[in-house]
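Work through the following exercises with the structure in view, and try each task before reading its solution.

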Amino acid sequence: HQPKPFLLAVEGLTVSFDGFKAVNDLSFYVEENEIRVIIGPNGAGKTTVLDLICGKTRATSGKIEFRGKELTKLKENQIVKAGVGRKFQTPSIYDDLTVFENLEISFPRGRTVFGALTFTRDATVRDRVHEVAEMIFLKDRLDMSAALLSHGQKQWLEIGMLLIQDPDLLMLDEPVAGMSVSERAKTAELLNRIIKDRSVLVIEHDMKFVEDIAHKVTVLHQGQILSEGTMEKVKNDPKVIEVYLGH
Ligand code: ADP
C-alpha cells in the first residue's frame, strides 16, 4: 500500500523574535480531507504557525511543503495562488455590498483565460456564487446587504469569499467565536461540507466545538507539540491536563 501523500507537511519549523522562539522546531502533517484543530494556551504559538504558513511571517528555519511545493520562500499572494486560504478573526466583508456582490468580487480575477468570452465568464462566476452561497447557508440572502447579516452569517460569508477562490487548504482562526448555539452547529456542518474536497486547519479555544469537528488535534505549548491525536486521546493526556489545569 502506498501511504497517502500529505497535503501540508511542516518540518522543523522555527521562528525567533529577538532570540525568543515563538515556534520551535515544529513538525506536523495535514492529510487531504482532514479537519485539523490546533489548540493550546495563550502565547503557545498558534497564530504564528498560521502566519508562517500563509507567508505573513518568515520562518527562521524549517520547511513548509504544500502539495509538494515549498512555501517558505514564496510571497503571500503566491501562497494564496498555490491554494492556501486564510480567514482572520476580524471580518473583512464589504458591508455596503450585497451577499452576491461580496462573493462575486472574491472570484479570482485572471482565472478565465479567454477574457473576451464575457458571457461565459459571467455565467461561470454566477454559478460558482450560487454554489458557494448554498454551502454557506446564504442562498436565500444573496440580494441582502451584508450589513444586515447576523454575526454568524457574516463569518460564513467570509468563509464563502475564500471558498470561491477554491483553496485546497482553508485556515480559520476561532471560527465560532461569538456565535449562537445554532450557528455553531451549522458551522460544524459547513466545515464537514468544505472538507469533501479540501482540508481545514483551525485554531480553536472552544473545546466542545473542537470535540465536534476535529479529526485530529495538535496541542501546542511554548512553540512545540505537547500532544497530538484524536480529541479523546489528547484530552486524557496528563501533559495536556497539566498545562490546562495545572500549575
Ligand atoms: P497564540 O496564538 O497561541 O496565543 P501567538 O502565536 O500569538 O500565540 O504568540 C506566540 C508568542 O510569540 C507570544 O509570546 C507572542 O508574544 C510572540 N510573538 C508573536 N508574534 C510576534 C512578533 N511579531 N514579534 C515578537 N513576538 C511575537
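Two strands are said to pair if DSSP finds at least two bridges between them. Keep in mind throughout that this is a predicted model.

**Exercise 1.** Determine how many bridges join strand 1 to strand 4, and in which direction the two strands run.

*Solution.* Five bridges join strand 1 to strand 4 (residues 61-66), and the two run antiparallel.

**Exercise 2.** Describe how strand 1 is joined to strand 2.

*Solution.* Strand 1 (residues 8-17) and strand 2 (residues 20-30) run antiparallel and are joined by seven bridges. Within this pairing, V15 stands opposite V23 of strand 2. Next, look at the hairpin that the two strands form, where two residues lie between the strands and D18 takes a positive phi near 50°.

**Exercise 3.** Check the length of helix 6, and then find where its buried residues lie.

*Solution.* Helix 6 (residues 181-194) has 14 residues, which at 1.5 Å a residue should span 20 Å, and this agrees with its end C-alpha atoms, which are 20 Å apart. Now list its buried residues, which are R184, T187, L190, L191 and I194. Seen down the helix axis, these buried residues fall within an arc of 110°, so they line one face of helix 6. On the other side of helix 6, V181 and S182 are exposed.

**Exercise 4.** Sort the shell around the ligand by class.

*Solution.* The residues around the ligand include F17, N42 and K46. By class, the shell has three nonpolar, six polar and one charged residues. Its largest share, three residues, comes from helix 1 (residues 46-53).

Definitions and conventions. Residues are numbered from 1 along each chain as its sequence is written. This is a predicted model: local features need pLDDT of at least 70, side-chain atom pairs count only at pLDDT 80 or more; totals for chains, interfaces and linings use all residues. Helices (H or I, at least four residues) and strands (E, at least two) are DSSP runs, numbered from the N terminus. The expected span of a helix is 1.5 Å times one less than its number of residues. A residue is buried if 20 or more other C-beta atoms lie within 10 Å of its own, exposed if 12 or fewer, and partly exposed in between; C-beta atoms are placed from the backbone. The arc is that of the directions from the helix axis to the C-beta atoms. A residue is near a molecule or strand if its C-beta atom, placed from the backbone, lies within 6 Å of it. Ala, Val, Leu, Ile, Met, Phe, Trp, Tyr, Cys and Pro count as nonpolar, Asp, Glu, Lys and Arg as charged, and the others, Gly among them, as polar.
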